[in-house]
Amino acid sequence: MSLNLQSAHSLCLLRLSAIGDVCHAVAMVQAIQRQYPHLEISWVIGKVEYQLLKHLPGVQFVVFDKSQGWRSYLNLKRALARQHFDVLLHMQVALRATIASLAISATYRLGFDRARAKEGQWLVTNRRVAPLATPHVLDGFMGFAKALGVTDLQPSWNIPVPASDTEFAQNLIPSGQSTLVICPAASKAERNWLPERYAAVADYAVAQGYHVMLCGGPTALERDLANAIQGFAKHELDNQVGHTSLTQLLAVLKQASMVLAPDTGPAHMAVTQGTPVIGLYAHSNPRRTGPYTCLDLVVSVYDEAVKAQTSGDVAWGTRAKGAQLMQMISVESVLARFNQLSQRLSH
């Protein structure tokens, strides 16, 4: 099934969260914009994610604040009460997104194929994308653009940031300064690597002439992890955890030479800026959720972990379970990737 949007005027995208996923979605949106520049695009998005993408060209945002509970659905219904869209891209498999979609009036309601349309999504759509057996999340999203007749599906990103944020980042990381940015914290503590191992990599990078910066959000988990890393490190690190907005962090990641991160949003933010990422994976399949352009740099123990927990064939989206899995990633394996990337950047 392919919809031709040449005669269409409006499209609504429903993708509320999370940071990494909305970064993937941007590539799809901008692929659509290249082929259908006339199309008016609205995006129903989460409150935090909006702060990253609010300067995106050619997109009108409708913020869905889930912290408001049931009122968030009423507010969405009011915001869209007088609008009817030619197409809805229902791109989030979550019950709250399924409920939120009921507030969106659209002729064509495009969702995932039946195998992926969980949480009742298939009940509120009337068109489906083509099935994909083993896609990266970004490729799965690009299936929506393909269903709309988009032919150029090569991912690219243009996420503008204010000039003041670019200046902020350039003051932190002057042009030409070799900088390793470590974004050590994921949304769940079990996905974080050990602080003493982050510190060992940081010390090695400093010895190789790199400036090392710690970045992340203001939560207690992130601040505590950054402080623990500094406590184990032999060198003074530039701790910017909790000191950047999302657009400032995006600008910092653009200035960086390389990024080290677990399965977390900033890894995907760095990809949008063309900065190489060393990703650390144990719980989720990096071929599905890893930094899209840097899968060759991933350090993964996922296959080993999930096979120890599963008999027979492993479903593509299966997560490995356990609070200690990240301990399986050695400092030596990460340093090997660091050296590989450092040599690549020096040529």
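Modeller: Let us begin with a cysteine. The sulfur of Cys 23 lies 12 Å from the closest cysteine sulfur, that of Cys 183, which is too far for a bond. This is a predicted model, in which local features need pLDDT of at least 70 and side-chain atom pairs count only at pLDDT 80 or more, while totals for chains, interfaces and linings use all residues. Residues are numbered from 1 along each chain as its sequence is written, and side-chain values use heavy atoms, with hydrogens and water left out.

Colleague: How many disulfides does the structure hold?

Modeller: A disulfide is a pair of cysteine sulfur atoms within 2.5 Å. The structure holds zero disulfides. For Cys 12, the closest cysteine sulfur is in Cys 23, 19 Å away and too far for a bond.

Colleague: Is Cys 23 buried or exposed?

Modeller: Buried means under 20% relative accessible area, exposed over 50%, and partly exposed in between (1.4 Å probe, protein chains only). Cys 23 is buried, at 1%, and Cys 12 is buried, at 0%.

Colleague: Which residues have the most contacts inside the largest nonpolar core?

Modeller: A nonpolar core is a set of buried Ala, Val, Leu, Ile, Met, Phe, Trp, Tyr and Cys residues joined through side-chain atoms within 4.5 Å. The largest has 103 residues, and Ile 32, Trp 43 and Leu 89 have the most contacts inside it. A second, separate core has 16 residues, including Phe 64 and Leu 76.
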